[in-house]
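Work through the following exercises with the sequence and the coordinates at hand. Each task is followed by a stepwise solution.

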Amino acid sequence: MTRMMRFCFSSLLSLLVFCPSLNAEDVRLREQAVQLLERANAASLLAGFRDYAQVVSFSFHDLLNGQIKDGTFSRTSAGSEGRRDELTYGDYHALSVFAGDRTSSTRISNEAPEIEELLQQLPIYLGRFDEKDVIKSIDDSNVLGRTAKCINFDTHLGAGIQVNQICVDSERGTLLRWHVGDDLIENSDFFQFAKLWEPGHIRHFVGGALRLEIEQHVDPTSVPVDVKAFSPPTGEWQRWWHCEDHRRPVGISMPMPPPGTEGTNIVDVVVRGLITDKGAVKPTIIVSSHRPDLNEEAMKLVATWKFTPLMCNDKVAITVADFVVHFQGR
């Protein structure tokens, strides 16, 4: 499945209908599956809308010690002109403002990885099939009280095969269930915003245990949002710039950790960091990890990776990237 672009920076192809698969696959069945998932994206993809307010409350369940930690998130949007995000998680509080080509944020580099995990789920987790996915069947079902079409597919990961399922609401086209690997996401209590449907309640399970629970709502604002009212929370602005004549960073040295002795299963830890204009990597946060005990090792390893740097507007430049570290047998 393709969710977001991670290391490396080549485009992640989403092969919509006709693609070579590792096993024999019915082309019409794949076409139907792709259309169902594209319909789910169209039904809930919150883009191209302005003048709305999003309010979110959430709870993280610590899978190791059973503790629950609550937080809130809010967004005031003026569409492409800008937005203001505010996030509170325990004692942590951050503000981010985007206005045209300017941005200002109090978010810190070593914030809790749960924050990025939360933002990936809002307002709904969506994806597309890629060349590793082989569609096996599409079944009629009932999911969370809604009639649904459930897509059963295998994802080929090296020598292994991952058995997955995605269920789409038959009437509305919304994504009801995402069960890929150890991750299970359930979306329910959908509400309508403009012509879109968004989930009011989201539950994310990891390995069968509840990890994250979200309540959210999105409403249009009574008057157009004036982006001029957004002040920079740090007291100053930084500017975004458009990159022409782009050449992505190219990996020179990207060692993986030595394998362990606990079988052949692979655990991925995703690290976010900077690739400097010298090609060095400066890791900043853990984006995704189901094994916190491996996080420090992943951060230290990524710090040793080397690249030729990003070329932008005929000059070397700094860029942000996600790096996936594969731990096998650990």
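pLDDT is the predictor's confidence in each residue, on a scale from 0 to 100, and a contact means heavy atoms within 4.5 Å. This is a predicted model, in which local features need pLDDT of at least 70, side-chain atom pairs count only at pLDDT 80 or more, and totals for chains, interfaces and linings use all residues. Residues are numbered from 1 along each chain as its sequence is written, and side-chain values use heavy atoms, with hydrogens and water left out.

**Exercise 1.** Find where pLDDT stays under 50.

Solution. The average pLDDT of the protein is 87, and 92% of the residues score at least 70. The stretch under 50 covers residues 4-23, for which the model has 50 contacts beyond four places in sequence. Where pLDDT is low, the predicted coordinates should not be read in detail.

**Exercise 2.** Describe how β8 pairs with β7 and with β9.

Solution. Strands are DSSP runs of E, at least two residues long, and helices are runs of H or I, at least four, numbered from the N terminus; two strands pair if DSSP finds at least two bridges between them.

- Step 1: β7 (residues 146-157) and β8 (residues 160-169) are antiparallel over 10 bridges, with Phe153 opposite Asn164 in β8.
- Step 2: two residues separate β7 and β8 in a hairpin, where Gly158 in the turn has a positive phi of about 65°.
- Step 3: β8 and β9 (residues 175-180) are antiparallel over four bridges, with Cys167 opposite Arg177 in β9.
- Step 4: five residues separate β8 and β9 in a hairpin, where Gly173 in the turn has a positive phi of about 85°.
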